[in-house]
Every structure is written in C-alpha cells, then in structure tokens.
Amino acid sequence: MATAKTGRSTRPTTAAKENGTKIEEGLNVFKSDRFDADAFVQSKCSLNDKEIRQLCSYLLDLKRASAEEMRKSVYANYSAFIRTSKEISDLEGELSSIRNLLSTQATLIHGLAEGVHIDSLSPKVSEGPNANSLLNIEDREPSDLEKWSAEFPDHLDVLLAEKRVDEALAALDEGEQAVAEAKETNSLSPAALTYLQTTIVERKQKLSDQLAGAACQPSTRGAELRAAILALKKLGDGPRAHSLLLNAHFQRYQYNMLSLRPSSTSYGGAYTAALSQLVFSAIAQAASASLRIFGKEPAYTSELVVWATKQTEAFALLVKRHALASSAAAGGLRAAAECVQIALGHCSLLEARGLALCPVLLKLFRPSVEQALNANLKRIEESTAALAAADDWVLTYPPGSTRQSGWPSSASLGNTTAFQHKLTSSAHRFNSMVQVNKFNLL
C-alpha cells in the first residue's frame with residue numbers, strides 16, 4: 001500500500017513537469033529572431049470554435065509561464081539590483097564631489113592666470129595714456145556685491161557657530177546665486193570670485209559634517225533628527241543622509257535593548273514579544289521617515305529593504321538563541337510554535353509599508369521548529385514503545401467516553417471531533433499525544 005501511495009503521489013508532479021516542458025517549448029516560437037507576428041495571427045484566423053478555445057487556453061498557459069519566469073528572474077536578481085543601485089548612487093555622489101573640486105581648481109587656476117597676466121602688464125600700462133584711468137579704478141569705491149562678498153564668510157561662520165541651520169542654508173543659496181550672477185556680469189574680479197566659491201564649498205562641507213555629527217547623537221530624535229537629515233539632503237549629500245537616518249534608528253533601538261533581558265519563562269514568549277515589538281517598531285519608524293524625506297526613489301528604497309532584512313535576520317538569531325534553542329532541544333513544540341507565531345504577528349504589520357519580511361523569518365525559524373517537532377516525535381515514539389511493552393492488550397473505549405444505543409461516543413480536542421473506537425491503552429495514549437501535538441501546531 002505504501003508503494004501504491006507513492007506511485008499515485010508522483011503522477012501529478014510528472015504531469016506538471018511535462019506540461020511545463022511543453023509550455024517552454026511553445027515559448028521558443030516567440031523567441032526566434034524570424035518570428036512573424038502577422039503570419040502567426042493569419043495562420044490562426046481560420047480555426048473553428050474548438051480550435052480557438054484550445055488556442056486561448058494555450059495562450060493563457062503561455063501567459064502564466066511567462067509571468068512565472070519573470071517572477072523567478074526578479075527574485076533571482078533582486079539582490080544584485082539593490083547592490084548595483086546603491087553603487088550607482090554612491091558613484092553619483094562621488095562624481096558630484098569630483099565635479100565641484102574640478103570646478104574650484106579650474107577657477108583657482110583661471111584666477112592665478114589672470115593675476116599673473118595683469119601683473120606682467122602693469123608697468124607698461126602705467127606708462128601709457130590710460131594710467132590715470134587705472135588709478136581711478138583702483139581708487140574707486142567697492143561695489144555693493146564686493147562689500148557683500150567680503151562680509152559673507154564671517155556671516156556664514158556666525159550662523160554655523162550658532163547652529164542656525166535654516167539661515168545657513170539660505171545664506172549658501174544666496175552665495176551660489178551671487179556667484180552665478182558675478183560670472184554673467186563680470187562684477188567681481190577673478191580672485192574675489194574664486195575666494196567666494198572656495199568659501200561656499202568649505203562652509204557647505206563644514207555644515208554637512210556638523211549635521212552628520214548631530215544625527216549620530218543618541219539624544220537627537222524625532223523632529224530634530226528629520227530636520228538634520230532633510231538639511232543634509234538639501235546640501236546634495238542624499239546617500240549619506242539616508243545612511244545616517246537608518247543608523248540613527250538602529251542606534252536607538254540598540255540602546256533600548258540594553259534594558260531587555262531574556263525571559264525567565266521556559267519558552268521565552270515574553271522575551272520574543274518584547275524584542276519583536278522593539279525591532280519591528282524601529283523598522284516601521286525608519287520606513288516612515290525614509291518615505292517622508294526621500295520619497296520612493298529606488299536607490300533609497302533598496303537601501304531600506306536591505307537594512308530591514310539585516311535587522312530581521314539579527315532579530316531571528318536572538319530569538320533562536322534565547323527562546324527557540326532550549327525549546328527545540330527539549331521537544332517543546334508548543335513553546336517553539338508560540339514564539340514563531342508572536343514574531344510573525346509583529347512582522348506581518350510591516351507589509352502595509354511594503355516590507356514583506358515574513359519569508360525571512362520563516363526561513364530562519366524553520367530548522368528550530370523542525371528540531372522541536374523531531375524531538376517531540378522521538379519522545380512519543382519512546383513513550384509509546386514503553387507503554388506497548390507493558391500493555392495488557394485489552395480493547396477498551398478511551399477514558400471518559402460513554403456509549404449510547406450501542407454506538408461509540410464522540411470526543412473533541414481542539415475543535416476536532418472524531419468517533420471513538422475500542423483500542424488498547426497504549427494506542428489510546430498514542431492517539432492522545434498525537435492529537436495534542438496537532439493542536440500545538442495549529
């Protein structure tokens with residue numbers, strides 16, 4: 001009978017494989033470089049109703065096979081896509097920094113060249129008829145833009161020292177506008193223009209480091225943290241800002257975990273509940289902050305998914321170490337199932353935010369649950385063998401059951417009702433243990 005059952009169970013699998021092979025062979029027609037869509041449609045136009053229905057069924061099978069192939073391809077290459085997107089984002093940031101440095105260097109070189117050229121011509125010009133006009137230019141009053149550019153560095157330093165971030169950002173924008181205007185109208189000398197550009201670059205870097213340092217402080221939370229991250233993004237340092245945002249949430253929940261200790265209970269359910277609430281709440285807050293500040297840009301979304309997956313894996317390892325390990329080794333199937341259920345319950349709440357992390361937990365928890373199940377089954381096997389050795393082999397109804405009108409009574413365990421039969425005491429005990437384990441798994 002076991003052989004026959006095995007044979008019946010393999011037929012659908014074989015048929016499914018054959019069907020999948022046929023569908024893949026059918027897709028080869030469309031993959032050919034010589035495929036002619038018009039000729040294919042015309043060849044199918046002269047079909048009767050039965051053949052048309054068969055063709056529709058065939059095309060639906062092709063559609064499902066194509067969707068399944070695309071799904072497998074996405075899952076297989078998703079990690080590579082995330083890694084490539086993050087590398088592209090980092091390269092864009094580096095290219096922007098290199099572009100700013102090259103622009104600054106070019107401006108410095110141009111200013112030095114202009115200064116050398118003017119110095120070399122000054123003796124000859126001073127002897128000419130335009131000497132008085134040059135002296136007049138040197139003696140004239142500086143323009144408003146020149147006065148503003150001379151005072152601009154000190155004003156920025158004051159704003160940075162007093163940590164007036166919004167005003168510093170507005171001042172930097174004003175400085176960039178002044179540089180653009182000076183380039184168009186030639187209202188500043190090359191040396192003054194170079195000095196102004198260098199001032200903007202240096203103060204922008206100083207403000208960026210100041211904001212990054214504030215975001216790394218454990219005391220920076222809530223609106224203050226979001227303001228610092230948003231200011232970093234406005235400065236053009238988006239990748240660094242997003243990484244600091246995720247790290248701030250990580251540091252916060254790591255600090256909160258210092259007061260959390262493994263539960264003294266035998267199954268660790270309280271510890272699992274407290275830890276899962278702490279970890280998945282931090283992930284949810286990080287996801288909300290990332291969406292609010294950075295939107296749905298693929299590079300930042302991918303980094304969030306990778307970070308959340310990493311935190312989920314670390315959480316699963318802690319639960320396995322402090323709660324599942326002892327239960328699995330002792331065959332505590334109910335305790336292990338309860339811990340897994342608690343963790344999955346908290347994790348499933350993240351699906352509304354687009355983070356499906358339950359498969360990660362199931363993959364990591366499966367070995368522990370299987371270990372608990374195998375240990376429990378081994379214990380049942382040993383107990384049943386001991387009971388069978390001491391059994392008197394007298395057929396009786398299970399304890400507590402009654403008979404009415406000559407029919408066996410019914411009993412329920414875990415909302416499952418089954419007719420009772422005359423069995424030996426060891427068989428009744430075995431059935432009871434199996435039902436209890438079934439109830440634990442449910």
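At what angle do helix H5 (residues 144–161) and H7 pack, and how far apart are their axes? The angle is about 5°, and the axes sit 10 Å apart. H5 is therefore roughly parallel to H7, since angles under 35 degrees count that way. Keep in mind as you look around that this is a predicted model.

**The chain as a whole**

Let's zoom out for a moment. The chain has 442 residues, and 29% of them count as buried. Along it you'll find 14 helices and 2 strands. Now take the contacts between residues at least 6 apart in sequence: 72% of these join residues at least 24 apart.

**H7 and its two partners**

H7 covers residues 190–215, and H9 covers residues 238–256. H7 packs with H5 and also with H9. Here are the two pairs side by side:

| Helix pair | Angle | Axis distance |
|---|---|---|
| H5 and H7 | about 5° | 10 Å |
| H7 and H9 | about 15° | 10 Å |

Start with the H5 pair. On the H5 side, the residues that touch H7 are Trp148, Ser149, Phe152, Pro153, Leu156, Asp157 and Leu160. Facing them from H7 are Tyr195, Leu196, Thr199, Ile200, Arg203, Lys206, Leu207 and Gln210. Sort the residues of this contact by class and you get 9 nonpolar, 3 polar and 3 charged.

Now for the H9 pair. H7 and H9 are roughly parallel to each other as well, because their angle of about 15° is under 35 degrees. H7 passes H9 in a right-handed crossing. Here H7 brings Gln205, Ser208, Asp209, Ala212 and Ala215, while H9 brings Arg240, Leu244 and Ala248. By class, that contact holds 4 nonpolar, 2 polar and 2 charged residues.

**What about the cysteines?**

How many disulfides does the structure hold? The count is 0. The closest cysteine sulfur to its own belongs to Cys347, 3.9 Å away. A disulfide needs the two sulfur atoms within 2.5 Å, so this pair is too far apart for a bond.

Is Cys358 buried or exposed? Cys358 is buried, because its relative accessible area is 12% and the cut-off for buried is under 20%. Cys56, on the other hand, is partly exposed, with a relative accessible area of 42%.

Methods:
Residues are numbered from 1 along each chain as its sequence is written. This is a predicted model: local features need pLDDT of at least 70, side-chain atom pairs count only at pLDDT 80 or more; totals for chains, interfaces and linings use all residues. Side-chain values use heavy atoms; hydrogens and water are left out. Axes are lines fitted to C-alpha atoms, for helices over the stretch in contact, and angles run from 0 to 180 degrees between N-to-C directions. Helices (H or I, at least four residues) and strands (E, at least two) are DSSP runs, numbered from the N terminus. Angles under 35 degrees count as roughly parallel, over 145 as roughly antiparallel, 65 to 115 as roughly perpendicular and the rest as oblique. A crossing is left-handed if the near helix is turned anticlockwise from the far one by less than a right angle, and right-handed if clockwise. Contact means heavy atoms within 4.5 Å. Ala, Val, Leu, Ile, Met, Phe, Trp, Tyr, Cys and Pro count as nonpolar, Asp, Glu, Lys and Arg as charged, and the others, Gly among them, as polar. Buried means under 20% relative accessible area, exposed over 50%, partly exposed in between (1.4 Å probe, protein chains only).
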